[in-house]
Amino acid sequence: RMVLVEEFTQATCGPCAAQNPGFNTLLEANLDKVIPIKYQTSWPGVDPMNAQTQNAGVATRVTYYGVSGVPTGAQDGIEWPAAGGWYQGAPGNYQQSQINTEYAISSPLTMNLTHSFNAATDSVYLTLSINASQAVTGNLMLRVAMVEKSIDFTTAPGSNGETHFSYVMRKMFPDGTGTSIGNLISGQTLNYNWTLAVPTYIYNKIEVGMIAWVQDDATKNVIQAAISNPPYASGLN
């Protein structure tokens, strides 16, 4: 199982700047187990990454989890518990042991995701296969997001001093709600092929990656996730 770690954060959020460095270091050390995705919210202050996207799925995910403050994180759809003076879902409280425990839980789904750019570099071709090794039932939703793996500013874009942002969600397809895929039977394979427009507000196409995950909206449990990392775009500008 690849572990999907979602974080709600913001460029004008002091606690985000305090917790993100250690949180990001932990994520980067576990990219063989973890798929991160960061949602830049529209509050508590200025954040150009959110403003560019006009929320583009962020607000939907905020509502989905009932997020009322940043930074807040969830592992496979569940906020990790409060402990040691930290609140529930605090990125500063995320631990290696939590990653290891979740990673060790087998998934009934395998997912393979790849992307490449068209010649004009204004669209990506996305190919996804989902295979069920056993029956999976629930309110199953497929969610797809475009991310920029690394965004670096010369000057902090908000007031908290952060200049480096990673795995920033830039657009969800078709939207933040996702696509219902129905119940799956053992041995079933779903194949998808999309051509998706690259938003003009992307800072650097070299950093564009794609993430897909299957989530049971009855429980919010993420059953499996997959990532197609950059750089297919190593020769792009």
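Student: Which element gives the most to the lining of the second largest cavity?
Tutor: This is a predicted model, with local features needing pLDDT of at least 70 and side-chain atom pairs pLDDT 80 or more, while totals for chains, interfaces and linings use all residues. The cavity (points on a 1 Å grid over the protein atoms alone where a 1.4 Å probe fits but cannot get out, lining residues having an atom within 4 Å of a point) is lined by Asn-24, Leu-27, Glu-28, Pro-36, Lys-38, Ser-166 and Tyr-167. Going by DSSP runs (helices H or I, at least four residues; strands E, at least two), α1, β2 and β7 each give two or more of these. The top contributor, with three residues, is α1.

Student: And which element has the largest share in the largest cavity's lining?
Tutor: Numbering runs from 1 along each chain as its sequence is written, and side-chain values use heavy atoms, without hydrogens and water. β1 (3–9), α1 (14–28), β2 (34–40) and β7 (164–173) each supply two or more lining residues. The largest share, three residues, comes from β7.

Student: How much space lies in the largest cavity?
Tutor: Volume here is the space filled by probe spheres set on the grid points, joined across faces, edges and corners. The second largest cavity holds about 30 Å³. For the largest cavity, it's about 50 Å³.

Student: What handedness does the disulfide of Cys-13 and Cys-16 have?
Tutor: Those two are joined at S to S 2.2 Å, inside the cut-off for a disulfide (cysteine sulfur atoms within 2.5 Å). Both cysteines are buried (under 20% relative accessible area, 1.4 Å probe, protein chains only). The S-S torsion is about 85°, so the disulfide is right-handed.

Definitions and conventions
Buried means under 20% relative accessible area, exposed over 50%, partly exposed in between (1.4 Å probe, protein chains only). On a 1 Å grid over the protein atoms alone, a cavity is a set of points where a 1.4 Å probe fits but cannot get out, and a pocket is an open set with protein on both sides within 12 Å along at least five of seven lines; lining residues have an atom within 4 Å of a point.
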